[in-house]
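Subject: Structure for your review

Dear colleague,

Please find below the structure that I am handing over to you. My notes on what was found in it follow directly after.

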Amino acid sequence: MNEFMLLMRGDDSETASPEEMQKRMGDYMAWIKGLMEEDRFVAGQPLQPTGKLLTNKDTILSDGPFLEPKEIIGGYVILKATNIDEATEMARNCPLLHHCEIMVRPVFDVQGG
């Protein structure tokens, strides 16, 4: 199995009600639980909207967020799949896809295993 990173980009959570957010998280956690039961889930976390941006070794910007809200990476999931088509199909089932874009990227195996 290969690893793929799903990057969740964009977010409309600021306009969602607390009840809506609770339902989204419940649906998302059920999706993650399914991946775990299939031994496909490797890791995943939501990300804070702020941080530090390095443009070179001497320049650190720390007044983020640095992008438009539609471009902010809100979180990630790393999963196991046979190929990118299978990983993309798995991402299509993510309930957050209705509220953000999901980029599917292969994780490069630097250990050559």
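Glutamate 101 is partly exposed, since its relative accessible area is 44%; here buried means under 20% relative accessible area, exposed over 50% and partly exposed in between, with a 1.4 Å probe and protein chains only. This is a predicted model, in which local features need pLDDT of at least 70 and side-chain atom pairs count only at pLDDT 80 or more, while totals for chains, interfaces and linings use all residues. Residues are numbered from 1 along each chain as its sequence is written, and side-chain values use heavy atoms, with hydrogens and water left out.

Glutamate 101 forms a salt bridge with arginine 9, and their closest N and O atoms are 2.7 Å apart. The term salt bridge stands for a side-chain nitrogen of Lys or Arg within 4 Å of a carboxyl oxygen of Asp or Glu. Because arginine 9 lies in strand E1 and glutamate 101 in strand E6, the pair ties together parts that are 92 residues apart in sequence. Helices (H or I, at least four residues) and strands (E, at least two) are DSSP runs, numbered from the N terminus. Arginine 9 is partly exposed as well, at 30% relative accessible area.

How many salt bridges does a search of the whole structure find? The search finds six. Among them is the one between lysine 80 and aspartate 39, at 3.4 Å from N to O. This pair links distant parts of the chain, 41 residues apart: lysine 80 is in strand E5, and aspartate 39 is in the loop between H1 and strand E2 (41-46). Another joins glutamate 89 to arginine 92, with the closest N and O atoms 3.4 Å apart. Both of these residues lie in helix H2, three residues apart, about one turn of the helix. Glutamate 89 is partly exposed at 41%, whereas arginine 92 is exposed at 56%.

Helix H2 has two sides. Ala87, Met90 and Ala91 of H2 are buried. They lie on the same side of H2 because they cover an arc of only 100° around the axis, the arc being that of the directions from the helix axis to the C-beta atoms. On the other side, Asp85 and Arg92 are exposed. The buried residues of H2 pack against E1, H1, E5 and E6, where contact means heavy atoms within 4.5 Å.

The largest nonpolar core has 18 residues, and those with the most contacts inside it are Leu6, Met8, Tyr28, Trp31, Leu79 and Ile102. Such a core is a set of buried Ala, Val, Leu, Ile, Met, Phe, Trp, Tyr and Cys residues joined through side-chain atoms within 4.5 Å. Two or more residues each come from strand E1 (2-9), helix H1 (18-37), strand E5 (73-81), helix H2 (84-92) and E6. H1 gives the largest share, four residues. Leaving aside neighbours within four places in sequence, methionine 8 has contacts that include Tyr28, Val77, Cys94, Cys100 and Ile102.

Finally, the cysteines. The structure holds zero disulfides, a disulfide being a pair of cysteine sulfur atoms within 2.5 Å. The sulfur of cysteine 100 is 6.4 Å from the closest cysteine sulfur, that of cysteine 94, and is therefore too far away for a bond. Cysteine 94 is buried, at 1% relative accessible area, and cysteine 100 also counts as buried, at 13%.

Yours sincerely
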